[in-house]
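User: I'd like to go through some helix packing with you. Can we take it contact by contact?

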Amino acid sequence: MTDIRILIADDQALIRSGLSMVVGAAEGMTVVGEASDGVEAVALAAVLDPDIVLMDVQMPRMDGIEATRAITARSSVSKVIILTTFDIDSYAFGGLEAGASGFLLKDSESGDILAAIRAVAVGDAVLAPRVTSELLRRYGALSRPSERSDHARQESDRANAVERLRALTDREREVFDALVVGLSNAEIAQQLWLSESTVKTHVGRILQKLGMRDRIQAVVFAFRNGIA
């Protein structure tokens, strides 16, 4: 199998070096580049087309959120995992909106970071375990149509979203409803009495039918349209 190609973006050389050593020593992973700010990250991503970008949030010239938006808008291949020192902050929401496929704390264990890279590389999405439920709760509170000013537009968006969901089978809709509240494949399998491989197949079909890159996009889609 081809190694997962990873670009590391962080303005602190020590952090970049540490991540590079951890990732570079892992089986099946190759660090293809390092960037010290958002502008450099966007430029390198365009040239290197990495599978995964480990993206710091607070960087000079262009922050990690804007860099994430630029990278995901340009490429359907490169996926971004946001790294931050904060448990819950506006960066998490901004990262999700910008198209990030994961959100991890910088003090995560090395094994958790490597597991996140592998998960995102195969189309899953990752949120730090201790912030997942709070992030989804806050995102939902901020994103529901009832909290927004343009009700007519939001109702129209929700109707369009509901129409898109009609493409799903009954079982796929059950899986969709479970994944957008943050359940893992294993948890969905247990809840719906399915095998994990079957759940993974359903998730892949759901994302394909809805034209979404990963589970994070499904979460954003659901909460933004008041479906979850």
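User: Which residues of H8 meet H9, and which ones in H9 do they meet?
Analyst: In this predicted model, Arg171, Glu174, Val175, Ala178 and Leu179 are the H8 residues in the contact, and their partners in H9 are Ile188, Gln191 and Leu192. Sorted by class, the contact of H8 with H9 holds 5 nonpolar, 1 polar and 2 charged residues.

User: At what angle do H8 and H9 pack?
Analyst: Helix H8, which covers residues 170-179, packs against helix H9, residues 185-192, at an angle of about 130°, and their axes are 10 Å apart. Since angles over 145 degrees would be needed for roughly antiparallel, H8 and H9 are therefore oblique to each other.

User: And the handedness of that crossing, left or right?
Analyst: The crossing in which H8 passes H9 is right-handed.

User: OK, what about H8 and H10, how do their axes cross?
Analyst: The axes of H8 and helix H10, residues 196-210, cross at roughly 90° and come within 9 Å, which makes H8 roughly perpendicular to H10. On the H8 side the contact is made by Arg171, Glu172, Val175, Phe176 and Leu179, while H10 contributes Val199, His202, Val203, Arg205, Ile206, Lys209 and Leu210.

User: How do the residues of that contact divide by class?
Analyst: In the contact of H8 with H10 there are 7 nonpolar, 1 polar and 4 charged residues.

User: Switching topic: how many aromatic pairs are there?
Analyst: The count comes to 1 aromatic pair. The rings concerned belong to Phe176 and Phe221, with centres 6.4 Å apart and planes at 75°, so the pair is edge-to-face.

User: Which parts does the pair tie together?
Analyst: Phe176 lies in helix H8 and Phe221 in helix H11, residues 215-224, so the pair ties together parts that are 45 residues apart in sequence.

User: Are Phe176 and Phe221 buried or exposed?
Analyst: Phe176 and Phe221 are both buried.

User: Back to H9 for a moment: is Asn185 buried or exposed, and why?
Analyst: Asn185, which lies in helix H9, counts as buried because its relative accessibility is 11%, and the cut-off for buried is under 20%.

User: Then what is Asn185 in contact with, leaving aside its neighbours within four places in sequence?
Analyst: With those neighbours within four places in sequence left aside, Asn185 is in contact with Asp124, Glu196, Val199, Lys200, Val203 and Arg215. One of these, Val199, also belongs to the H10 side of the contact with H8, and so does Val203.

Definitions and conventions:
Residues are numbered from 1 along each chain as its sequence is written. This is a predicted model: local features need pLDDT of at least 70, side-chain atom pairs count only at pLDDT 80 or more; totals for chains, interfaces and linings use all residues. Side-chain values use heavy atoms; hydrogens and water are left out. Axes are lines fitted to C-alpha atoms, for helices over the stretch in contact, and angles run from 0 to 180 degrees between N-to-C directions. Helices (H or I, at least four residues) and strands (E, at least two) are DSSP runs, numbered from the N terminus. Angles under 35 degrees count as roughly parallel, over 145 as roughly antiparallel, 65 to 115 as roughly perpendicular and the rest as oblique. A crossing is left-handed if the near helix is turned anticlockwise from the far one by less than a right angle, and right-handed if clockwise. Contact means heavy atoms within 4.5 Å. Ala, Val, Leu, Ile, Met, Phe, Trp, Tyr, Cys and Pro count as nonpolar, Asp, Glu, Lys and Arg as charged, and the others, Gly among them, as polar. Buried means under 20% relative accessible area, exposed over 50%, partly exposed in between (1.4 Å probe, protein chains only). Rings of Phe, Tyr and Trp (its six-membered ring) pair if their centres lie within 6.5 Å; planes under 30 degrees apart count as stacked, over 60 as edge-to-face and the rest as tilted.
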